[in-house]
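Me: Please take a close look at a single part of this model. Keep it brisk, and tie the part to its surroundings.

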Amino acid sequence: MKNPLDKGRFRAALTLRGRGLQDAADAAECSYQHLNYVLMGERKPSERLLGALRAYLGESAWAWVTRQSNISPDTSPST
């Protein structure tokens, strides 16, 4: 499986929420180091990890982080 995460966008999405990589790792129940390796492309993400990160970020941020959307989560219209 190809890694769908864009490292820069992922970190930016966390920053926009006032969160860090450790917060995302905790939410995904993995180590900071493992998540960092996944973002750097040195390890392949599991389906469980991707699902946990998707749930943590929310759908609009996930679409942006995985390059399915060019609208960053901070500029998405509120509903």
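Reply: Arg67 touches Asp6 and Arg9, leaving aside residues up to four places away in sequence. This is a predicted model. Arg67 sits in the segment after H5. Its phi is near 60°, a positive value in a residue other than glycine. Arg67 has a relative accessible area of 52%, and the cut-off for exposed is over 50%, so Arg67 is exposed.

Glu29 belongs to the loop between H2 and H3. Its relative accessible area is 67%, so Glu29 is exposed.

Now to H2 itself. Two packed helices are described by the angle between their axes and the distance between the axes. H2 covers residues 21-28 and H4 covers residues 47-57. The two pack at an angle of about 120°, and their axes are 9 Å apart. The roughly perpendicular range is 65 to 115 degrees, and roughly antiparallel begins over 145. H2 and H4 are therefore oblique to each other. The crossing of H2 past H4 is right-handed.

Which residues make this contact? From H2 come Asp23, Ala24, Ala27 and Ala28. From H4 come Arg48, Leu49, Ala52, Leu53 and Tyr56. Sorted by class, the contact of H2 with H4 has 7 nonpolar residues, no polar ones and 2 charged ones.

H3 is the next partner. The axes of H2 and H3 come within 9 Å and cross at roughly 105°. That angle falls in the 65 to 115 range, so H2 and H3 are roughly perpendicular to each other. On the H2 side, the contact uses Leu21, Gln22, Ala24 and Ala25. On the H3 side, it uses Tyr32, Leu35, Asn36 and Leu39. The contact of H2 with H3 divides into 6 nonpolar, 2 polar and no charged residues.

Ala24 is listed in the contact with H4, and Ala24 is listed in the contact with H3.

Next, the core. The largest nonpolar core has 21 residues. Leu5, Phe10, Leu35, Leu53, Leu57 and Val65 touch the most other members. H4 gives the most, with 5 residues.

Leu53 links these views. Leu53 is part of the contact between H2 and H4. Leu53 touches Leu5, Phe10, Ala24, Ala28, Leu35 and Trp62, not counting residues up to four places away in sequence. Among those, Ala24 and Ala28 are contact residues of H2, and Leu35 is a contact residue of H3.

Asp26 lies in helix H2. Asp26 has 47% relative accessibility, so Asp26 counts as partly exposed. Asp26 and Pro73 lie 21 Å apart, C-alpha to C-alpha, and 47 residues apart in sequence.

Last, return to the segment after H5, where Ile71 lies. At 47% relative accessibility, Ile71 counts as partly exposed. Ile71 and Ala61 are 10 residues apart in sequence, and their C-alpha atoms are 8.7 Å apart in space.

Notes:
Residues are numbered from 1 along each chain as its sequence is written. This is a predicted model: local features need pLDDT of at least 70, side-chain atom pairs count only at pLDDT 80 or more; totals for chains, interfaces and linings use all residues. Side-chain values use heavy atoms; hydrogens and water are left out. Axes are lines fitted to C-alpha atoms, for helices over the stretch in contact, and angles run from 0 to 180 degrees between N-to-C directions. Helices (H or I, at least four residues) and strands (E, at least two) are DSSP runs, numbered from the N terminus. Angles under 35 degrees count as roughly parallel, over 145 as roughly antiparallel, 65 to 115 as roughly perpendicular and the rest as oblique. A crossing is left-handed if the near helix is turned anticlockwise from the far one by less than a right angle, and right-handed if clockwise. Contact means heavy atoms within 4.5 Å. Ala, Val, Leu, Ile, Met, Phe, Trp, Tyr, Cys and Pro count as nonpolar, Asp, Glu, Lys and Arg as charged, and the others, Gly among them, as polar. A nonpolar core is a set of buried Ala, Val, Leu, Ile, Met, Phe, Trp, Tyr and Cys residues joined through side-chain atoms within 4.5 Å. Buried means under 20% relative accessible area, exposed over 50%, partly exposed in between (1.4 Å probe, protein chains only).
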